[in-house]
Amino acid sequence: MDTSEDILQQASPDLVRGPDTARRTKAARLSPSFISWLQAGPMMLVFLSFFLIPLVFVVIVSFWDYNEYQLLPTFSGRGYTDTFEGCIAQLPELCTIGRTYVMTLKLCFLVWAITLFIGFWVAYFLAFHVKSKTWQVGLSLLCTIPFWTSNVIRMIAWIPLLGRNGLVNSGLVKSGLINHPLEWLLFSEFSVVLALVHLFTFFMVVPIFNSMVRIDKSLIEAAYDAGATGFQTLVNVIIPLAKPGIVIGSIFVITIVMGDFITIGVMGGQQIAAAGKIIETRVNALQFPAAAANAVILLVITFLIISMMSRIVDIKKEL
Amino acid sequence: MKEGRPRSFYVLAIFFAAYVLFLYGPMIAIYVLSFQGPSGGLTFPMNGVSTFWIAKLFQGTGIVDLGAAFRRSLLLGTIVMIVTVVLSVAAGMAFRRKFKAQSILFYSAIASLIVPSIITSLGISLEFRIIDDLIKAHWNENFETSMGLLTSGLGAHLTWTLPFGLLIMFAIFNRFDPRLEEAARDLGATPWQAFRHVVLPIILPSVIGIGLFGFTLSWDELARSSQAIGAVNTLPLDLQGLTTTVTNPDIYALGTVISAVSFTVISLALGTIHVLNKRQAARGSDAGKGLV
């Protein structure tokens, strides 16, 4: 296959050659920076056309006007005023958007805390207790494979377990612990959090594991030799050194939950309002400026959370 | 080195096993339930065992036009996979030297990964809507739409798969020994030969990994497709649409079929990677003996 980098490598023999190599070249010389552009340009172009420009459009359209069926490209703050409707009038009660964000942040916090706990100990086990390389790779793969399968399937997989006649309820009723099936097991906040943890703990395990395997084992031995207990070693040596992974994993999980609308929709029985869900609802109603305004608000809040967290750690250095 | 394992090992081993059970248990439940008998329902116990629901899916008499959605998803996934591999390897090579806009590309990739999918998806849909309006206003009044599976849909999927591809390339070149390439050049290889015969064989297992990510992430993609895919649906979108309406095991059968494709691709990729690694290990040791 004649890929782009193949072509440009052929065209530019000095690509991987040091500048001091004084070998004659058959093809015309291209400057190294031009070659870099040829190599990285296509990817940059994809991000430009399908990510950066679309983001700009989201911001622009959020200030447009709209009626029942179309966009009106005139300046208007209606997308935002509609979103914050009643927020001042209803004080001290929270308005719809306020309540939605409280709910979203609550889900975020719960999922973050649980995935961090599970992710940390799973990564700890893999990094420090599994000694053989083969087992480490095998068990890591075991954790990764579900990530390569469909999220929707992993959501609906809970239905036969948690439904009114599901395994959990029938088990509990049979054992006499409860008389009536529990209603809050499915299509509730509980099932939303459960599904989000189920789907996204992976994003916590990988970066924490990466940080942990880089920890020099002699540091841990040194801590033990100096008389530290296991707990002290954990708190004073391992956690600080695993902090970059913890922060990166947290950023992943929090941003995923902040913008999620599918898991919250499917597992919440389409009844729970969340930040991502509002955007979807507005789009379905063809109120694009209002959808865009909500997207901008979500983007700003997500950005604030990330910039707060990335103060703790330099992401670029950790990859 | 034969000291007994600490007690924490057993506690964490049980914790890990519970996590794996938590990961796989529910999935296995629906695979089993998709083989319900014809009168079976959405939950256990099984009402007989049959391939009734899966057969129904393939007859096309069921809930969705499975064949068409299946082909669309397969086509899109394959194209996304190829583009992801090519662009990631190319960009990964570029990152081995400093170049202008390096950090712009890096931060674009990271941002694309963590900006909520619904926002990217909405943005792409707005972009294409505006392009459509422009075409209608200035060139062709009867123009329908430029949105579609292989325009906006492909772009949306790439914003999700390319960051993974690039990060995997970083991981590869972090532990890549540049002396191998130098040796090839000293032996007279052209840069293309050095890439084709030295670099590529070494990184090939990881490149297959990038392909695996590219295909599976596209095959199961939902959030970014939701607004940007155009008039047609991919398989996961059809599946999601069914979650609110369907009351019989159709949906599990569809889930099982989609997963079967995922697992086939995963096994093929992992199998190939395994064979390549083994071969590399065998040949590498020979080379070492010859040289040292």
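Contact means heavy atoms within 4.5 Å. This is a predicted model, where local features need pLDDT of at least 70, side-chain atom pairs count only at pLDDT 80 or more, and totals for chains, interfaces and linings use all residues. Residues are numbered from 1 along each chain as its sequence is written, chains are lettered from A and ligands numbered from 1 in the order written, and side-chain values use heavy atoms, without hydrogens or water.

Q: Which residues is A:Met212 in contact with, leaving aside its neighbours within four places in sequence?
A: A:Met212 is among the residues with the most contacts inside the largest nonpolar core. Its partners beyond the sequence neighbours are A:Phe120, A:Ala123, A:Tyr124, A:Ala127, A:Phe128, A:Ile238 and A:Ala242.

Q: How many residues are in the largest nonpolar core?
A: A nonpolar core joins buried Ala, Val, Leu, Ile, Met, Phe, Trp, Tyr and Cys residues through side-chain atoms within 4.5 Å. Buried means under 20% relative accessible area, exposed over 50%, partly exposed in between (1.4 Å probe, protein chains only). A:Ile279 and B:Leu122 are also among the residues with the most contacts in this core, whose count is 184.

Q: Which cysteine has the sulfur nearest to that of A:Cys108?
A: A disulfide is a pair of cysteine sulfur atoms within 2.5 Å. A:Cys108 is in none, and the nearest cysteine sulfur, 19 Å away, belongs to A:Cys95.

Q: Is A:Cys108 buried or exposed?
A: Its relative accessibility is 5%. A:Cys108 therefore counts as buried.

Q: How many salt bridges are there over all chains?
A: The rule asks for a side-chain nitrogen of Lys or Arg within 4 Å of a carboxyl oxygen of Asp or Glu. One such pair is B:Asp177 with B:Arg179, at 2.8 Å. Over all chains the count is 6.

Q: Which residues are linked with A:Arg78 in a network of salt bridges?
A: A:Arg78 pairs with A:Asp82, the closest N and O atoms being 3.5 Å apart. Both lie in helix 3 (residues 78-83) of chain A, 4 residues apart. The network links A:Arg78 with A:Asp65 and A:Asp82.

Q: What is the relative accessible area of A:Glu280?
A: A:Glu280 meets A:Lys277 in a salt bridge of 3.1 Å. A:Lys277 is buried, at 10%. A:Glu280 is buried too, with a relative accessible area of 15%.

Definitions and conventions: Helix = DSSP H or I, 4+ residues; strand = E, 2+ residues; numbered from the N terminus.
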